[in-house]
Amino acid sequence: MKKECIAMLLAGGQGSRLYVLTGEMAKPAVPFGGKYRIIDFPLSNCTNSGIDTVGVLTQYRPLELNSYIGSGQPWDLDGSTGGVHILPPYQGSKGGTWYKGTANAIYQNIGFIDLYDPDYVVILSGDHIYKMDYSKMVARHKAAGAACTISVMEVPWSEASRFGIMAVDGDDMITEFAEKPKEPKSNLASMGIYVFSWKALRHYLTEDEANPNSENDFGKNVIPAMLNNGERMAAYRFEGYWKDVGTLESLWDANMDMLSPESGLDLLDETWPIYARSVNAPPAFLGSDSQVHHSAFNRGSILEGTVENSVLAPNVVVGKGARVSYSVLMPGTVVKPGAVVEYAILGENCSIGENCHVGGTPEETAPDPWGLTVLAPNCSLAEGKEVRPGIMLDRNGEEVSK
Amino acid sequence: MNGLHGIIFSYEKRNDLRELSEIRSAASIPFGGRYRAVDFALSNLVNAGCTDVGVVLHGRYQSMVDHLGTGKAWDLSRKRGGLRLLPPFNYQKDWGVMPFRGKVEALAGVRSYLDTIRQEYVAMMDGDLVVNLPLADVYENHIKSGADITVVCGNDSFATADGTYYEKDADGRITEVLYNLNRPRGYRGLEVYIVSTALLKELVDECTAKDQFSWRRDVLRAKKDTLNIRCYIWKGFAAQIRSVQEYYDRSMQLLDPAIRAELFCPERPIRAKGADKSSTYVSDNGRCVNSLVAEGCRIEGVVENSILFPGVVVEEGAVVRNCVLFKEDIVRRNAQLAYIIADKDVEVLENRTLMGHATYPIVLAKGSIV
């Protein structure tokens with residue numbers, strides 16, 4: 001079945017900088033923004049952009065992700081001629097290997113891509129929160145007659161040295177690429193979203209694989225090799241909200257952004273819906289004494305206490321007299337009466353005992369070093385326990401260092 | 001447990017639902033913040049292991065057909081069996097132009113469908129019943145008791161429009177079938193029945209031959225002495241949505257945690273279509289208490305003792321008390337609402353005030369602008 005364009009979604013990374021949150025699941029499966037998981041964003045972008053065939057490359061702890069994606073039906077990716085396909089590493093007659101890098105993951109699935117004989121392949125990663133019309137990027141790629149198009153956005157000059165930076169000419173064609181340059185020549189940062197002409201990519205992937213010194217990575221190897229060879233490389237300027245949620249702080253930030261459409265992340269806007277596999281539960285109930293302010297919540301939740309500046313996933317319980325502020329609560333978390341949760345990320349199905357105190361405000365912590373308090377999924381705290389700011393606990397309630 | 005087939009009746013009946021039923025049958029009335037009444041019957045059947053469910057439709061069923069789709073939300077989109085939509089198709093002359101006069105006529109209208117039923121037993125339910133029945137248990141009881149027909153009754157004689165009430169002996173056998181009662185007595189029939197497929201077809205054919213159309217009169221009442229008709233008493237919440245008042249009172253009962261715990265018990269989940277909306281947001285100045293709130297709402301004003309369906313917007317300064325607001329309703333700045341049931345897509349403009357009363361909730365028709 002010939003397709004003009006298919007997408008390959010890199011979802012195999014561990015996301016080690018999310019520490020205990022990704023202890024038992026891959027980063028793209030981490031809950032976000034109340035009712036979503038991170039992978040809902042690229043999957044929904046695909047379906048909204050008219051891409052109906054998506055390969056999801058999985059490797060690290062894929063079970064939760066696999067079961068979440070299922071048939072792909074929530075994203076309309078269960079069509080008869082395409083749909084979403086989970087692609088783990090596999091054995092061949094001469095053995096097989098784990099995915100060695102982003103480029104190698106695609107290389108190992110050349111056979112899958114060839115099934116659809118596409119003209120263009122969009123490479124996406126599973127750790128970004130953004131709404132983007134990939135069809136516009138593909139149009140730019142075609143118009144530029146490029147072998148590769150890289151989506152870029154302007155970042156503040158002061159932060160440019162943290163990104164992969166592109167230097168471009170007057171036509172926005174890429175002239176130079178530098179990974180985390182000390183003295184950036186531009187402030188156009190790569191967003192890790194690529195469109196390739198499949199013929200060219202196939203060639204470079206094969207060449208890259210044959211090079212024993214390569215790390216088989218798009219940013220480090222394939223893109224520089226293409227640039228050095230004089231391939232036409234276009235930049236596609238993206239404007240709008242985009243955030244890499246690869247760290248605990250950025251994950252927390254992006255959740256807070258969701259509460260304020262001014263941030264650019266407007267999830268109530270239905271012209272570009274983000275789809276999710278939703279749980280079956282009755283609407284949320286807000287009790288008579290509840291005080292919920294500047295917060296988002298979801299179905300199945302029962303809120304009897306105070307919730308401020310927080311994002312609550314489905315089936316969250318906040319008991320009477322409890323207070324949750326500036327926190328992100330993942331599905332099924334229970335905060336028992338009288339407990340306080342501040343500046344924290346609580347993983348799925350955490351249970352906070354009565355009168356516990358989890359986390360704290362930066363002001364009250366000063367002059368001690370402050371940080372977000374993070375609890376692994378299924379972590380259960382006994383009554384009256386205190387967890388200081390910046391502490392991270394695993395599922396058994398043991399402290400883990402960052 | 002695949003011996004049970006489901007039939008849901010969703011045809012127009014005489015009721016007092018005013019504007020709410022102008023555009024839909026009672027079975028597709030939104031209820032409880034994210035459901036349609038028929039979701040309960042469907043979920044009851046699916047939770048009891050039914051894989052095949054027929055929905056008998058007649059009149060104003062566009063909304064119903066739209067809601068049911070392929071039956072995916074209830075896992076009834078299947079290769080074999082699954083959901084069957086049954087608009088009347090056994091027309092004889094003008095027959096079928098008028099609304100069905102009773103369940104037997106409705107079944108006669110889909111008589112050839114009855115022949116395709118693979119299962120030995122049929123559970124029949126009304127689409128306007130909001131309940132979470134342990135139907136598997138009712139079925140098991142039916143088989144054990146050797147009943148010809150099992151009638152499920154509520155444990156009260158709550159007055160519902162056009163209700164059927166039963167009296168039974170100590171043994172559980174039905175001794176009297178009552179309707180058109182001024183003051184209801186006996187056990188309130190929930191219009192849920194279990195009967196063998198063979199007997200059902202026999203009864204439909206016999207009644208049709210005698211030009212009889214009423215299940216309760218021509219079957220239950222007429223045959224209470226010859227057939228073993230037994231009742232199953234359900235002690236929990238069971239609402240029949242047949243008047244605006246009943247709709248309102250029953251909706252407000254959902255604010256009671258005990259009733260929610262029972263109606264939405266996790267062992268028998270009530271399934272509904274998702275709404276692909278974001279989380280609900282309450283702003284800094286917003287206040288929302290003692291309310292049931294679905295997703296995608298934006299609350300900047302005050303909401304008390306109310307039920308909000310997906311996508312409702314309550315702007316700053318607006319006050320919503322004791323209301324049921326359907327999908328995508330907008331209450332503009334400083335508007336005040338009390339005891340209102342607002343159908344989908346209603347917009348209440350700035351500074352407007354509308355008050356009903358607990359004993360006379362006001363219904364705003366779909367798409368109205370106040």
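**Salt bridges and a helix pair**

Mentor: Let's start in chain B, where the side chains of Glu105(B) and Arg101(B) form a salt bridge, 2.7 Å from N to O. A salt bridge here is a side-chain nitrogen of Lys or Arg within 4 Å of a carboxyl oxygen of Asp or Glu. This is a predicted model, where local features need pLDDT of at least 70, side-chain atom pairs count only at pLDDT 80 or more, and totals for chains, interfaces and linings use all residues. Residues are numbered from 1 along each chain as its sequence is written, chains are lettered from A, and side-chain values use heavy atoms, without hydrogens and water.

Trainee: Is Glu105(B) buried or exposed?

Mentor: Glu105(B) is buried, at 7% relative accessibility, while Arg101(B) is partly exposed at 48%. Buried means under 20% relative accessible area, exposed over 50%, and partly exposed in between, using a 1.4 Å probe and protein chains only.

Trainee: How many salt bridges does the structure hold over all chains?

Mentor: There are 48. One of them joins Asp343(B) to Arg24(B), at 2.8 Å from N to O.

Trainee: Which parts does that pair tie together?

Mentor: Asp343(B) sits in the loop between β25 and β26 of chain B, and Arg24(B) in the loop between β1 and β2, so the pair links parts 319 residues apart in sequence. Strands are DSSP runs (E, at least two residues), and helices are too (H or I, at least four), numbered from the N terminus. Both Asp343(B) and Arg24(B) are buried.

Trainee: New topic: which residues of α6(A) meet α7(A)?

Mentor: Ala200(A), Leu201(A), Tyr204(A), Leu205(A) and Asp208(A) do, with contact meaning heavy atoms within 4.5 Å.
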